[in-house]
Structures are given as C-alpha cells and as structure tokens.
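Here are a few exercises to work through with the model open. Try each one yourself before reading its solution.

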Amino acid sequence: MLCTRLTNAHILTMDPDHPVAHDLGIWRGRVVGLDEAVTGLPAREVVDLQGATVLPGFIDSHVHLVWAGLKAATPSIAPCARVEDVLAVVAEATARKAAPGDWVDIAGYDQRALGRHLTAAELDRVSHGRKVFVMHDSGHACVVNSAVLALLPADVPHQDGFLAESAMTAVRRLRLPYSQEELADAIEHAGRACLAEGITACAEAGIGGGLLGHSPVELGAYQLLRDRGRLPLRVQLMAAGDTLRPIGAHADDGIPRSLDLGLRTGFGDDWLSLGALKIYTDGGMMARTAALTAPYEGTTHTGQLQDDPERLTELVVDGHLAGWQLAVHAIGDRAADLALDTLERAQTLRPRPDARHRVEHAGLIRPDQLPRFARLGVSAVVQPNFLRYFGDDYADVMGEARAPWMYRGRGFLDHGVTLVGSSDRPVTDGSPLRAIQFMVERISLSGRRIGPDEGVTVDEALRAYTVAGAYACRWDDSAGSLTPGKRADLVVLGDDPRRVDPSRIGDIEVVATLVDGREGKRL
C-alpha cells in the first residue's frame, strides 16, 4: 500500500524519460511510481491536487542559514537612507543593552544607501559605552565603534572603523561564539522560510570559519536540530577552508591538511551531510572588494584577494588532495582566474574526474574564461537575484563593456558548463521563483535589462534549481527529479512556470512543500 498518492496533478518531473505525469506514488519517503504504475494502487492518503503544478523541490546550493536566522532577529538599519536615521536605530539598540561593555549587533548596513561609509566616531556618539558591530549586507565587511577598535591589534587595517574581509574576521574573533541553542533556533527559523518558498534542500556555504562561520562547533547546532527532529529541510554543510589543519599522515594517503578525524565531503546522511570545502579568494561587488582585472568604473580600485595567491593555491590543492569537493568563492574575474588556475593545478597533481568542483558566484566572467570552466568540468553556482535587486548598481560599477558578463546564464550553458541556481540568503531575496524569472528576463526591479543575451529558457532555469543543484551537491542519485526511487521532495505550485508570462513567474504561489513526502507547508 502506498503512503500517499498525488492525483489530478500537472507533474513536471525534470526526468527526460518521463517528463510529465498526472499521478505520483509515495512510499516511505520515496517516489515509487508515476501514472499507470501507481494509479490503481491503494494508498493511505489520496490527495487530489485539482490540476496544480508539481515540481521536484527546489535546491538552493548556496545559503547561510545561521546568518539568515540571526539577521531576522537583529535590529536593522536597512530602510535608512540618512546617517541621522541610522544613528537613531543604533542609539535605541544600545540603550536596550543591560550593561556597558556589552556587544550590540546591527544588521542591514549598505553604504550605497548613504553615499559613504559610517565612521567609528559617529557610532561613538550613540554607543553608551557598548561595543557596536554593524554588519555589511554583503557579509564581507563591517563598521565598528572605538570601543571595538581599541581591542584590535595595531596591525589590523581599517578606515575610520570600516573593516573588510580578514580585518572583519579579526573583529569577530574578539567575541565568544553564539551558543548551540541560539544557532539551532536561527537555523530552524531560516529553514522554515526556505520551505515556504519551495526549497527542500540547501547547502550551507561555510561553517566554522572566520569570515561567515559563527562558532568552531557550528556543526553541533545542526546535529542538535537533527537529533530533535527540528531540521526543516535537508542541509549539506560546507566546511570553511580555514578549518583545515596540518596533519601527520602516511605519504601514500596524500592528505597534507584535514579536518579532525579526517572527515571530508560525503560524510553524513540524507538529512545532514558534509559537502564541499568552501574557500574564499575575494570579496563582493556590494562592498567593492571583488577582485577585478580592471578597476571599478570611475575608480583606480580593483578589489582585493583574501590572501596571498600562493597561500590560496596551496589551500585549494591541499583540499583537492585530501579528497574534498571544492567550492571556491570567486566573484571578480581576477579571482576567477585564480580559482581556475588553482583547480587546474590540483587536477594535474591528482586527477579526479568526478570531483565536481564548483566556483561560487562567478559574478564577473570574461568570455575567454568560459571555455576553461567547461574544460575543467567546474560548475558555476550563481545568484540571479543579485542582479534582480542590485543589478543597476553592479552594472554601473562594471561599466557598459563588462555588465553583460555578470552572473551569466546562456554563456555557461552554451559552453557546456553546469549552471546552478542559488541565493546566498540572506544577502538578498531567497525565492527560487523570483530568481528563475530573472534568469529568463534579465530585468532588474527598475526595469533595466542587464546582459539580455545571457537569458535562458524557463526549462533551463528550472533545471538550475533542481537537476543541476542536485548534481552540484552530489545528490543526483536521490534528488533533483521526480524519478522512481528518488526522495519524495517536491513543491506544489499554483501555476506552471512554463505556461505563464515570464513576468509572472516570481509571483506564482507556493501551495505546499513536501520533504520525504511529508508536508512542511500545509496543503
């Protein structure tokens, strides 16, 4: 007997051998058959979907659940466009803290709304003796007050309290990490937001490290949720590159650096597993720290790499030799050059044909770099909603010649590169449907077309959030399509993205999200 049979549905399986179905059978969390194979079978529950569209659950291959959950509970200055209004929010937040010396976190900082960066002196006026930490929305920078600057070593660089990349990491290391209970609550909150948008699985992009990790025992918070049955969706964890340590191992093992116990990609189960090793090579466009080969438009500034190129190369190579899948953060084209060079060197030293290495973001990719992605078999994990929401600014700072190279779609596909969709939640909106709409239209919220030749079809965009996401996360044997034997992770939509006008895709209702055949959002 089936556990559940979905009937009278418009099922887009993403499986070319059976692309459309009307019935789907579920038994013990797996898809066991389609159409005639299950229509006549008894089932404990029969759900008539009255023609609703069903797709495999969306896979967001690059998120930050802890950060998203913590940010949702943090005072935000996001709506503020004047320094005075920002300082009023900070003053209110600091006044609520119990004692001088406490840390006060502020979210939603983006200097572009103000026309310049805040300064430590401005924060000092409203700090009330507290330590103020204002997090940049990119995750790659912060502004702090003088009470924090006084605790930093003299060699940590800053500009009137603004610190970027490794300098921000130095600030974060001054603090006791969040408790596992706090982290667990944040993860659950963000995970339920993902479910509401049709996401059934995601990859957490960097735990335990200095830049965006929140605790050296961050994995424990995920295990806590898993043990308590509170993990809302499947999660694959990327370990931050700086969590690797030199180890004593046999030369034949070929493992120069590792996590303790030798853990690497693939450890875990269907709900919680260890994925790629996350390695940062540069910053971000929003903070103007993405590493470019030519300056940002109207400036002499070309961004920055996270570390000396030789040290970054050694880390990538060591991770590859230790058997990791690698997820190399590279937004600017100069960083992408470094990422491709290091991945090619690693594969030369020890060929691993199915390593499935990834470049995270691939924000600005020159035409000459596309064939290299293809030749190396590297997936491009992009965030279309960056251009939907920030595209006007990004296009301005890249200039007319480079703007069409940003967060490509068609260019990758035409070169045979696996195109993977993701959000980088909470940097911007996490909705897969709104991202899919942008991938097709290439239109920002203001109506500006950005690289229209990079537009893809609806089917190709859906594939980026299903089949390609499963491939990039090494889940392709169990997820990404509604194929018998795979997990019954699916989303029920109020309309078919392929049938509506592209401008309406982002507004399609997510009626229900099922993980293991069970509802995360009620029908």
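**Exercise 1.** Which elements each supply at least two residues of the lining of the second largest pocket?

*Solution.* Before starting, note that this is a predicted model, where local features need pLDDT of at least 70, side-chain atom pairs count only at pLDDT 80 or more, and totals for chains, interfaces and linings use all residues. Residues are numbered from 1 along each chain as its sequence is written, and side-chain values use heavy atoms, with hydrogens and water left out.

Step 1: pick out α7 (166-172), β17 and α10 (309-321), the elements asked for. Helices (H or I, at least four residues) and strands (E, at least two) are DSSP runs, numbered from the N terminus.

Step 2: Of the 19 lining residues, Asp-242, Gln-306, Asp-307, Leu-312 and Leu-315 are the closest to the centre of the second largest pocket.

Step 3: sort the lining of this second pocket by class, and you get seven nonpolar, six polar and six charged residues. Here Ala, Val, Leu, Ile, Met, Phe, Trp, Tyr, Cys and Pro count as nonpolar, Asp, Glu, Lys and Arg as charged, and the others, Gly among them, as polar.

**Exercise 2.** Find which element gives the most to the lining of the largest pocket.

*Solution.* Step 1: locate the largest pocket by Leu-70, Asp-105, Arg-175, Tyr-178 and His-214, which lie nearest its centre among 37 lining residues.

Step 1: list the elements with two or more residues in that lining: α2, α3 (83-96), β9 (103-109), β10 (131-136) and α8.

Step 2: β9 comes out on top, with six residues.

Step 3: the classes for the largest pocket are 16 nonpolar, ten polar and eleven charged.

**Exercise 3.** Work out how α2 and α8 are oriented to each other.

*Solution.* Step 1: two packed helices are described by the angle between their axes and the distance between the axes.

Step 1: for α2 (residues 65-72) and α8 (residues 180-196), the angle is about 95° and the axes are 7 Å apart. Axes are lines fitted to C-alpha atoms, for helices over the stretch in contact, and angles run from 0 to 180 degrees between N-to-C directions.

Step 2: α2 and α8 are therefore roughly perpendicular (65 to 115 degrees).

Step 3: check who touches whom (contact means heavy atoms within 4.5 Å). On the α2 side, look for residues including Leu-65, Val-66 and Leu-70; they meet an α8 set including Leu-183, Ile-187 and Cys-194. By class, this contact has ten nonpolar, three polar and no charged residues.

Note on methods:
Parallel < 35°, antiparallel > 145°, perpendicular 65-115°, else oblique. 1 Å grid on protein atoms, 1.4 Å probe; cavity = no way out; pocket = protein on both sides within 12 Å on 5 of 7 lines; lining within 4 Å.
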